[in-house]
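Visitor: I'd like a quick walk through this one. Could you show it to me and then take my questions?

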Amino acid sequence: MSLRVLNPNAEVLNKSAALHMNINAAKGLMDVLRTNLGPKGTIKMLVGGAGDIKLTKDGNTLLKEMQIQNPTAIMIARTAVAQDDISGDGTTSTVLFIGELMKQSERYIDEGMHPRVLVDGFEIAKRATLQFMEKFKTPVVMGNEPDKEILKMVARTTLRTKLYEALADQLTDIVVNAVLCIRKPEESIDLFMVETMHMRHKFDVDTRLVEGIVLDHGSRHPDMKRRAENCYILTSNVSLEYDKSEINAGFFYSNAEQREAMVAAERRQVDERVKKIIELKNKVCSGNENNFVVINQKGIDPPSLDLLARAGIVALRRAKRRNMERLVLACGGEAVNSVDDLTPDCLGWAGLVYEHILGEEKYTFVENVKNPYSCTILIKGPNDHTIAQIKDAVRDGLRAVKNTIEDESVVLGAGAFEIAARQHLLNEVKKTVQGRAQLGVEAFANALLVVPKTLAENSGLDTQDVIISLTGEHDQGNIVGLNQHTGEPIDPHMEGIFDNYSVKRQIINSGPVIASQLLLVDEVIRAGRNMRKPT
Amino acid sequence: MGFQMQPYGIQSMLKEGHKHLSGLDEAVIKNIDACKQLSAITRTSLGPNGMNKMVINHLDKLFVTNDAATIVNELEVQHPAARILVLASKAQQEEIGDGANLTISFSGELLQNAEELIRMGLHPSEIISGYTKGINKTVEILEELVEKGSENMDVRNKDQVISRMKAAVASKQFGQEDILCSLVADACIQVCPKNPANFNVDNVRVAKLLGGGLHNSTVVRGLVLKSDAVGSIKRVEKAKVAVFAGGVDTSATETKGTVLIHNAEQLENYSKTEEAKVEELIKAVADSGAKIIVSGAAVGEMALHFCERYKLMVLKISSKFELRRFCRTTGAVAMLKLSQPNPDDLGHVDSISVEEIGGVRVTVVKNEEGGNTVSTVVLRGSTDSILDDLERAVDDGVNTYKAMCRDSRIVPGAAATEIELAKRVKEFSYKETGLDQFAIAKFAESFEMVPRTLAENAGLNEMEIISSLYAGHASGNSKVGIDLEEGVCKDVSTLNVWDLYITKFFALKYAADAACTVLRVDQIIMAKPAGGPKRGDQPAGMDED
């Protein structure tokens with residue numbers, strides 16, 4: 001072979017061998033993920049190198065943690081993970097769709113069709129499907145007061161595929177309220193403003209939304225209050241500890257008094273700053289019962305803490321930077337970088353600040369804030385893997401709500417869209433296509449069925465029965481989805497099963513692209529290091 | 001060349017060394033098996049007649065205990081499914097501090113029964129739904145079983161406290177529960193704050209001193225420090241205390257200082273000023289009325305000299321937390337620098353003395369009056385492992401006290417609750433129509449594990465006991481439990497064996513959760529174990545538990 005002449009160590013796979021390798025890899029990956037899809041999907045247990053346990057139903061997590069090595073599978077997995085980065089959901093569907101496209105194509109290729117023709121068909125079908133989706137989607141008017149019910153339905157649809165039902169329903173309210181809380185008119189939603197904090201404590205159903213901030217550290221002084229009501233919050237980024245000077249300095253003294261004076265001088269600068277804060281506290285808190293809380297991003301050394309504690313101020317040091325931003329959004333006021341011109345305007349307000357101690361860990365809750373633009377989802381669970389599972393689900397749920405608000409439309413779920421699109425492709429589009437590309441359209445249309453098929457399979461239903469009864473309904477002009485419990489057709493609109501428009505769009509867009517690329521490969525060359533060690 | 005057609009399936013896609021298990025036989029049944037093995041280990045330790053285990057951990061430390069939390073902690077369970085059970089028991093340990101064994105044993109039993117159901121042909125998802133219904137019903141019934149009038153208790157009444165604590169302590173130290181309970185109850189009641197919900201476990205300390213026996217153990221109102229006083233004054237009574245967190249020595253600057261000396265005279269003067277300075281500081285402390293100086297860091301030689309001269313007792317407590325506790329005991333405020341203390345910052349002790357107990361010099365800080373928030377249980381025992389085990393029993397007792405401060409409701413102990421639950425959940429299962437009724441019935445049967453194990457461990461005939469328990473409950477008395485000493489079934493209100501409702505609640509809930517989690521998994525993907533030094537010769541494989 002010609003390649004061998006160029007590089008004797010290179011390995012090569014041609015023509016059908018290369019194609020089949022790709023198809024097999026795509027199908028293999030699909031097999032791994034297919035049991036994940038839908039609310040009835042099963043859980044996978046991942047055991048990391050250090051023996052750590054992770055339980056997941058989320059395709060994205062699974063792909064990330066699985067350490068895939070097959071090059072084709074990596075390519076598909078990357079697309080799916082990219083899908084997650086963009087829209088936060090639909091990873092499993094993407095992998096399934098790509099796998100199914102490959103599987104459908106295999107049939108035609110084995111019958112001697114050229115991949116190129118199939119790919120042309122895919123392209124036509126893709127465009128037609130996207131157009132169809134524009135018609136099919138259900139518009140949602142967002143305006144100033146978004147329809148909470150619709151948002152809840154979308155969030156519930158997403159969350160139920162990640163967690164068991166009771167917990168998913170509880171989280172639905174939490175994520176919807178969280179997104180609505182941080183939403184500002186005329187601005188895009190920044191999900192970073194929702195802090196997720198976890199506590200290893202109680203049960204997973206104790207997860208709740210805190211309108212305010214939860215910090216994962218406490219005050220460091222034993223005499224500070226553990227619980228304070230009606231608090232002014234000073235968010236600051238001022239060093240309240242003695243910094244050694246940059247240059248190499250030394251003191252010279254010749255008796256103990258001089259040394260004492262120097263010790264005092266050393267601290268004076270820091271003390272001045274602390275005194276300024278105390279002055280402000282006295283100004284705003286005199287004559288009322290209000291409290292004063294300082295949350296500092298930099299350090300506060302013990303002598304300063306002591307001074308603050310004596311003045312009745314609760315001080316927290318070394319807050320995380322991202323929390324500083326959130327604190328200002330939640331409590332109001334502004335973050336100060338210097339104590340020189342402190343005014344009461346810089347202060348935020350919180351109705352309640354308290355510390356919660358859990359074993360060795362300390363948590364500070366800043367709650368009851370006025371019109372917050374930031375909030376915290378406090379995840380609780382008895383052990384780490386439960387928490388991690390909820391955390392992933394919450395993230396996806398938040399994204400789903402955000403997508404809905406931004407898309408201003410949703411797509412009917414439970415397989416309804418896929419079936420409708422297939423019927424549209426077969427009945428309308430196929431006739432308009434000339435020549436062999438028709439077969440590509442057909443393959444694409446059948447590949448769409450993978451979602452309802454897998455849903456049925458995971459619920460223990462008969463796949464063929466389900467597909468026939470669903471397509472039958474669609475042919476009569478009823479748009480129906482699959483009822484996971486009974487296998488009967490249902491109206492997803494009535495049941496409140498909605499998917500994100502952008503997620504579906506992304507799946508339809510990226511799936512055929514990757515599938516086409518893989519189909520058009522006719523030679524795989526691996527030069528250099530042999531990754532599969534000879535066995 | 002290994003680059004022809006790639007093998008089909010997931011195995012080819014993963015990095016080398018990965019393990020992939022899926023399906024009922026490979027994943028579910030194996031997981032159940034591992035969990036069963038684990039619960040078989042802990043089960044024999046359940047209850048007052050439970051056997052002790054000798055566990056040697058990776059540091060070659062020996063543990064002789066029947067405390068399940070310690071056993072599973074030191075076992076270093078490798079199997080992922082069994083790990084879920086361990087995590088559940090840890091959650092129980094953190095939440096309540098007791099009942100870890102019940103969590104593991106019960107979830108082990110649930111899984112064992114699940115295996116039978118799977119072999120019968122039930123799908124795990126049906127078992128999960130049945131178990132979920134079972135636990136929800138159980139929680140309902142458990143609420144009904146709560147002893148009337150127990151929701152209000154006086155947490156300062158020793159008898160009431162002991163009656164609730166006894167079962168927990170007895171399961172760790174059977175036969176010694178009366179002595180231990182009284183000690184723990186005393187210690188807890190002393191430090192119970194005005195609002196009992198704020199009770200902090202950390203305020204009851206345990207000091208283990210080798211020698212003597214359990215009957216020599218006492219409760220000290222205050223602290224017992226395992227160190228000697230620094231100076232020569234070993235005993236002070238009714239005195240004020242000044243606490244310095246930063247050490248008792250000459251002050252120093254953060255920046256490096258250099259003493260500038262030009263001639264011999266200055267050198268001499270420098271030492272003198274230094275001395276004068278220290279004396280001035282110590283004198284200031286002495287003048288403020290303090291008789292005792294407690295330092296959080298080093299005590300300078302020169303400072304010590306002046307302390308002796310002013311007849312001040314000097315203590316050194318290097319642990320920051322210990323120092324905080326000391327402050328809490330005495331009501332002192334820790335000052336950072338050696339300076340004249342404000343009168344408010346001084347604490348008070350009734351007596352502070354260095355005593356020799358069992359060859360160890362300890363400093364006993366006593367504070368009989370109010371405002372005291374720390375108490376110490378001084379445990380005596382002949383060997384280290386006995387002391388460790390006693391300490392764990394005391395810890396369980398203290399945790400139980402904390403739990404009862406939060407929720408004082410009690411349910412009948414000695415397996416009476418379990419049998420009643422078994423009976424009523426079983427009745428419930430008959431009303432269900434779906435396939436999950438089998439799962440609910442098995443869930444009910446799993447409760448029998450507790451009386452069976454209790455009887456087994458006590459050497460009684462388990463079948464006889466269980467049937468007479470059922471007979472007792474069928475006749476309408478829901479409080480019939482096992483009297484382990486006589487080997488018969490009796491009304492537990494005559495035995496006075498009560499369990500805390502909250503302990504049972506969390507233990508059962510965590511157990512059911514863990515069992516369902518294990519059942520939900522149908523695929524396991526294991527990464528290659530990370531490198532690093534391997535302990536021993538055993539491979540860190542799946543079959544280890």
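Guide: One term before we start: contact, or touching, means heavy atoms within 4.5 Å. This is a predicted model, where local features need pLDDT of at least 70, side-chain atom pairs count only at pLDDT 80 or more, and totals for chains, interfaces and linings use all residues. Residues are numbered from 1 along each chain as its sequence is written, chains are lettered from A and ligands numbered from 1 in the order in which they are written, and side-chain values use heavy atoms, with hydrogens and water left out.

Visitor: Which residues does Leu519(B) touch, not counting residues up to four places away in sequence?

Guide: Leu519(B) is among the residues with the most contacts inside the largest nonpolar core. Such a core is a set of buried Ala, Val, Leu, Ile, Met, Phe, Trp, Tyr and Cys residues joined through side-chain atoms within 4.5 Å. With those sequence neighbours set aside, Leu519(B) touches Val28(B), Ile32(B), Leu111(B), Ala114(B), Ile118(B), Pro124(B), Ile127(B), Ile128(B) and Tyr131(B).

Visitor: Which helix of chain B gives the most to this core?

Guide: The core has 114 residues, and Ile127(B), Tyr131(B), Tyr401(B) and Phe443(B) are also among those with the most contacts. Helices (H or I, at least four residues) and strands (E, at least two) are DSSP runs, numbered from the N terminus. The top contributor, with 14 residues, is helix H17 (residues 501-520).

Visitor: How many residues are in the second, separate core?

Guide: In soluble globular proteins, nonpolar side chains tend to be buried together. Here the second core includes Phe97(A), Phe136(A), Val429(A) and Ile514(A). Its count is 65 residues.

Visitor: Is Leu59(B) buried or exposed?

Guide: Leu59(B) is in the loop between strand E2 (53-56) and strand E3 (62-65) of chain B. Buried means under 20% relative accessible area, exposed over 50%, and partly exposed in between (1.4 Å probe, protein chains only). Leu59(B) has a relative accessible area of 62%, so the label is exposed.

Visitor: And Asn101(B), buried or exposed?

Guide: Look in helix H4 (residues 100-120) of chain B. Leaving aside neighbours within four places in sequence, Asn101(B) is in contact with Thr42(B), Arg43(B), Ser45(B), Leu46(B), Asn66(B) and Ala68(B). The relative accessible area of Asn101(B) is 9%, so this residue is buried.

Visitor: Which residues is Asp306(A) in contact with, leaving aside its neighbours within four places in sequence?

Guide: Asp306(A) belongs to helix H10 (residues 302-310) of chain A. Asp306(A) counts as buried because its relative accessibility is 11%. Its contacts, drawn from both chains, are His221(A), Ala334(B) and Leu336(B).

Visitor: How far apart do the C-alpha centres of domain 1 and domain 2 of chain A lie?

Guide: Domain bounds come from an automatic or database domain assignment. For chain A, that gives domain 1 (7-138 + 411-526) and domain 2 (213-371). The C-alpha trace of this chain spans about 100 × 65 × 40 Å along its principal axes, and the two centres lie apart by 55 Å.

Visitor: What are the bounds of domain 3 of chain B?

Guide: Chain B has 17 helices and 18 strands, and its C-alpha trace spans about 100 × 80 × 35 Å along the principal axes. Its assignment lists domain 1 (10-148 + 412-526), domain 2 (155-183 + 201-221 + 375-408) and domain 3, which runs over 229-371.
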